[in-house]
Structures are given as C-alpha cells and as structure tokens.
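Subject: Structure handover

Hello,

Here is the structure I promised to pass on. Please open it first, then read the notes below with it on screen.

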Amino acid sequence: GYRIVLFFVLISVEMAMNNSAGILSSSSKEIKADLNMNDKQFGMFGTSNGLGRVIGCFLFTILVNNFNRKWTFVFFTTIKSVLLVLFKFTNVGWILITCRGFIGLTHMPPSIYIPVWIDQFGLKMYKTMFMTLLQVVIPLGKVEGYALTNFYGPNNWQMGFVTEGLYLFAVAVFITVTPMKFFSAKLVAVKDDELETKFQIKKNESVSIFEVRKSLTKSSKNEQSTFAQAKAIITNPVFFFSNLARAILQGVNTALHYWISDYMRTALNIEDKSLILFAYTIVSIAGPIGGILASGFSNFFLGGYEHKHAPLALLMFHIITCVCGLCIPFMGGLYSFCGATMMFLVFSSSAVQMIHGIIL
C-alpha cells in the first residue's frame, strides 16, 4: 500500500517538473516582451535546458550506484525547487537561461530514477501500466503549466515557476521522512518460480515479494571496470536502437510542446488565448489517455514489455506514430491539426513506455 502511495507521489514529481515547459510555451509572447528577446534568444531556454539534461544524465550514471538513492533524489529535487523560485527575483535574460540549464541538469536524476524505481518496486502485474501512467503525466504537467499561466495571468508568469518549486520542495520533505527501504538498491524482487515454493504464494496473485540481494565477492580479474560495463551496454544493438528511437520521439515531443502555442498563432492564425489553451489541453490529455488504451489493447493480445512479443508491439506503435507525425505539418485547420497531433501523441506515448521497459 505504501509503495502505491509512493508511486503516485513520484509520478507527481515528474508531472510538476514538466510545468516549466507549459509555462514557457503558454507565456512565450509575454516572456519575450518582458526579457526583450527575439525567437532565437527565447529558444535558448530550450537549448540550455537540453544541454543541462545531457550533463544530468551522465551525472546520474555516476551517482546512482555510488550514493544513497533516497538522498540523491531529495538533493536534486530540492536544488531544482530553489532554482525555479529564482525566476521570481530577476528579469536578466542570460541569468534565467543559465538557471534553466541547471534546472535541466537537476531534472534528470529524479526523472531517470522514477522508471528504475517502478521496475524495482512496482507491482509486477501492473508495471507496464505504471510505465504508461508515467508517460501520461509528462504532457499533463505541461497542461498544468498552461493552467498556472491562466490562473496567475500571462504577465505574472514567474509565479508559475514559484508554484512548481514550492511543490517540489514539499515532496522532498515527504521523501525525507520515507523509510529508507523503499529506495534501497539492495532489494530485489523474487522470481516467479520461487514464489510458490519459497513463500507459498500463488503465481497469479498480484503481489510483489522482495528479499535482500546477497553481496557477491568478486575477484579482481572477473570484475568489470565502469568503462567496460558502459562499452558493453552502449554497443548492444537493442539498447542502441531503442535509445535512438526514444531520442527521436522525445525530441519531436519536446519541440512540439515548446512551440505549439506560437505555431497556432503564426501558422494557423489563432489569436484567441482561451481557444489555444483549450485545444492544447484536449490534445495533451486525450493523447496519453488514448496511449493507455492502446497499450492495454497491446498488452492483452501481445503482452507487456517483458513479453517476447514486445518488439512487435513497439514496431506497430512506431510505424503509426511516424505516419501521424508526418501528417501534422500539412494540416491547415485547427481541428485537423489537433486530430493529427493527438493521434501522434497517442501512439508515441505507447511506443515510449514500451521502449522504456525494453531498455530496462
């Protein structure tokens, strides 16, 4: 029960961390005016954040098995909350762009760890669904950013960042008082064939039993260096092409959410802010929810990401995603644009959660 509560707390962190993208997108016109920026300079908010995320990924790789996971999560969530609050205290563009870069760096350790936590502590029967919900909350967080802008007003866009920062700080406090065992790297799930014999648990019961991983003493000649481990992983073709597909999907998703309000204003000639907010909300929410339905349909017929048919399901989702994505730029009306975008998000969210599972 506590693990289920903790799961929802953790995915709420992922949702909150994506508020910033929604705030920047929905307030782009006002931010460019307040900070005296052109489109190219405004785009640096995305560029600096992306560079910070790349650094954050490498940093997490070093930290994950060398430092306590609970306190690593608390540390980066707290630092990110402080950086977000700083948006309220300055209007100097280069300072905020630099700050956005560090926000990207602190974003990655918690964001990467959440699917790792799901794979380790999630209920076995529902791990694929947990992964899907994790993908759902990302666009929901961006919609929440739009809602914060609407609540405070576009001219008071800084308060959206402050609200996001305060929530992340509150979660960091909650995680601080959470028992250490729920973040322990030493706990492993017992295999299915051990449940009945070792714990007298039927295989079809929705339970997840854990035991302490036994420490193995390896001889120096058998122990691989970190570089050798990294090389073995990176040169694995399934890992490489799965990450390449994920990078393309996430890259297009990021660009779409970042520029979608500007696109609707300039390419579709829509100036009504309420209509833009409504259209973006419908697309962002309906897309991932449709992804859950598509994933559920796939799981029923082909199995989850741990099933041998997972690559077939992924290929199917990815082909449909590509077709829908290619249609988006050719849609000249709001309804056709939203329809194509929504279908793209439906199948891309299904594909990404499947890729996550295969990579793990």
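Helices α6 and α7 are roughly antiparallel, because their packing angle is about 165 degrees and anything over 145 counts as roughly antiparallel. This comes from a predicted model, so please read everything here as computed. α6 covers residues 93-121, and its axis lies 9 Å from that of α7. The two helices cross in a right-handed way.

Which residues make this contact? On the α6 side they are I114, P115, I118 and D119. On the α7 side they are K127, F130, M131 and L134. By class, 6 of these residues are nonpolar and 2 are charged, with no polar ones.

Look closely at I118. Leaving out residues up to four places away in sequence, I118 touches F7, K127, F130, M131 and L134. I118 also belongs to the largest nonpolar core, which has 46 residues. There I118 is among the residues that touch the most other members, along with F45, F87, W117, W157 and I175.

Where does this core come from? Helices α1 (2-17), α2 (19-26), α4 (39-63), α5 (69-85), α6, α7 and α8 (158-176) each supply at least two of its residues. α6 gives the most, with 9 residues. As background, nonpolar side chains tend to be buried together in soluble globular proteins. A second, separate core has 20 residues, including L256, L268, L277 and A279.

Now back to α7, this time with another partner. Helix α7 (residues 127-152) also packs with helix α11 (residues 237-266). Their angle is about 15 degrees, and their axes are 12 Å apart. α7 and α11 are therefore roughly parallel to each other, as angles under 35 degrees count that way. This crossing is right-handed. From α7, the contact uses P139, K142 and Y146. From α11, it uses N253, H257, I260 and S261. The contact of α7 with α11 has 3 nonpolar, 3 polar and 1 charged residues.

Last, the whole chain. How many helices and strands does the chain have? The count is 14 helices and 2 strands. The chain has 360 residues, and 48% of them count as buried. Take the contacts between residues at least 6 apart in sequence: 79% of them join residues at least 24 apart.

Best wishes

How values were computed. Residues numbered from 1 in each chain as written. Predicted model: local features only at pLDDT ≥ 70, side-chain atom pairs only at ≥ 80, totals over all residues. Heavy atoms only, no water. Axes fitted to C-alpha atoms, helices over the stretch in contact; angles between N-to-C directions. Helix = DSSP H or I, 4+ residues; strand = E, 2+ residues; numbered from the N terminus. Parallel < 35°, antiparallel > 145°, perpendicular 65-115°, else oblique. Left-handed = near helix turned anticlockwise from the far one by under 90°. Contact = heavy atoms within 4.5 Å. Nonpolar A, V, L, I, M, F, W, Y, C, P; charged D, E, K, R; others polar. Core = buried A, V, L, I, M, F, W, Y, C linked by side-chain atoms within 4.5 Å. Buried < 20%, exposed > 50% of the residue type's maximum accessible area, 1.4 Å probe, protein only.
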